[in-house]
Each structure stands twice: as structure tokens, then as C-alpha cells.
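Please read this briefing alongside the sequence and the coordinates.

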Amino acid sequence: SADVSGTLPVANGGTGNNGTIQTYSPTLSCTSGTMTPTALTGRYLVQGKLVYVSVALTAPATNRGSCAGFWSITLPPGVTFAEAANLLASDFDASTLLTAGGNASSGSFAVLTSGGLFPYIANHHYVINGWLEQQ
């Protein structure tokens with residue numbers, strides 16, 4: 001029998017990953033206008049069709065730019081949505097939970113307050129964590 005090295009495919013009984021958390025550089029867009037976060041970082045782990053993702057964002061200190069509506073944040077490279085996503089967004093500085101959900105057609109996920117409002121507060125730190133199922 002041949003030795004297997006690297007990632008063992010799901011079809012061969014593996015998890016589809018090498019157990020390493022990857023980093024990526026997500027981008028943020030708005031329903032309309034633009035905003036440049038002070039910091040925006042992403043991490044993810046692929047296990048078969050499940051992708052665990054975490055994005056950390058720091059809002060600008062004084063100027064949200066012309067951003068209005070909800071935030072749309074890109075998925076990790078090569079990740080595509082299927083039907084299921086379970087993401088939780090929070091504002092660490094205000095101890096507030098936000099809403100995050102997948103948008104299969106755009107390859108991103110949206111973040112907004114529970115009332116459907118734009119989640120910006122100057123200098124606040126936002127974290128989006130959760131999992132989604134790939135196609």
C-alpha cells in the first residue's frame with residue numbers, strides 16, 4: 001500500500017485538512033459607500049465541507065467614511081457557501097451581539113445589528129466567529 005502524506009481527503013476517511021489554522025486578509029465593503037477599518041484580520045480552518053472562520057475588526061477612531069447599510073466581509077480564499085452558516089458577531093466594547101449571515105451569491109457574509117442597523121461605533125472591536133458549510 002502507498003503511504004499518504006499531507007492532507008487526507010474526506011473521501012479517504014480524512015477530515016480534508018492538515019489541522020493548521022490558516023490566516024487570510026478579508027476585505028470589508030458596505031451596502032453603499034466605503035470605510036477603512038483600523039485593523040481587519042481573518043483566520044479559518046477547513047474540515048471537509050465545514051469551515052470554521054474568525055474575523056477581527058477594529059472600527060476607525062473618528063471617521064466611518066461614507067459607509068452605510070450593513071458590512072459585507074469576504075470569505076477565506078477558495079471557500080464557497082452552500083446552505084448552512086452559523087456565525088455570531090459581537091461588539092466586545094459594548095458587550096453587544098450582532099447578526100451575521102451568509103450571502104452565497106457574493107462570497108461574503110453580512111454583519112448588522114439585530115435591528116438591521118449599521119454596527120459602527122468608533123474604536124470598537126468586533127469579532128465574527130462561527131462555521132459554514134461549503135458546497
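Two strands count as paired if DSSP finds at least two bridges between them. S3 and S4 are joined by 9 bridges and run antiparallel. The model is predicted. The chain has 9 strands and 0 helices.

**Fold and surface**

- Along the sequence, the pattern reads β-β-β-β-β-β-β-β-β.
- The chain has 135 residues, and buried residues make up 36% of them.
- Take the contacts in the chain with a separation of 6 or more: residues 24 or more positions apart account for 65% of these.
- The accessible surface of the chain is about 7400 Å². Carbon and sulfur atoms hold 52% of that surface.

**Strand pairing around S4**

- S3 and S4 form a hairpin, with 2 residues between the strands.
- Gly48 lies in the turn of this hairpin and has a positive phi of about 65°.
- Gln47 stands opposite Leu50, a residue of S4.
- S4 also pairs with S9, in the antiparallel sense and over 9 bridges.
- Within S9, Val127 is the bridge partner of Ala56.

**Nonpolar core**

- The largest nonpolar core holds 24 residues.
- Leu28, Val55, Trp71, Ile73, Phe109, Val111 and Ile128 touch the most other members of this core.
- Several strands each supply at least two core residues: S2 (28-32), S3, S4 (50-58), S5 (68-74), S6 (81-91), S8 (108-112) and S9 (125-134).
- S4 gives the largest share of the core, with 4 residues.

**Aromatic pair**

- How many aromatic pairs does a search of the whole structure find? The search finds 1.
- Tyr24 and Tyr44 have ring centres 5.7 Å apart, with their planes at 80°. Planes over 60 degrees apart count as edge-to-face, so the pair of Tyr24 and Tyr44 is edge-to-face.
- The pair links distant parts of the chain. Tyr24 belongs to strand S1 (residues 22-24) and Tyr44 to strand S3 (residues 39-47), 20 residues apart.
- Are the two partners buried or exposed? Buried means under 20% relative accessible area. Tyr24 has 9% relative accessibility, so it counts as buried. Tyr44 has 12%, so it counts as buried too.

**His124**

- Where is His124 placed? His124 sits in the loop between S8 and S9.
- Leaving aside residues up to four places away in sequence, His124 touches Leu57, Thr58, Ala59, Asp91, Asp93 and Ala94.

**Ala68**

- Ala68 is found in strand S5.
- The relative accessible area of Ala68 is 28%, so the residue is partly exposed. That class runs between the buried limit of 20% and the exposed limit of 50%.
- Which distances separate Ala68 from Ser32? In sequence, Ala68 and Ser32 are 36 residues apart. In space, Ala68 and Ser32 are 5.4 Å apart, C-alpha to C-alpha.

**Points to carry forward**

- S4 pairs with S3 over 9 bridges and with S9 over 9 bridges. S4 also supplies the largest share of the core.

Notes. Residues are numbered from 1 along each chain as its sequence is written. This is a predicted model: local features need pLDDT of at least 70, side-chain atom pairs count only at pLDDT 80 or more; totals for chains, interfaces and linings use all residues. Side-chain values use heavy atoms; hydrogens and water are left out. Rings of Phe, Tyr and Trp (its six-membered ring) pair if their centres lie within 6.5 Å; planes under 30 degrees apart count as stacked, over 60 as edge-to-face and the rest as tilted. Buried means under 20% relative accessible area, exposed over 50%, partly exposed in between (1.4 Å probe, protein chains only). Contact means heavy atoms within 4.5 Å. Accessible areas come from the Shrake-Rupley method with a 1.4 Å probe; for residues, only the protein chains shown count as cover. A nonpolar core is a set of buried Ala, Val, Leu, Ile, Met, Phe, Trp, Tyr and Cys residues joined through side-chain atoms within 4.5 Å.
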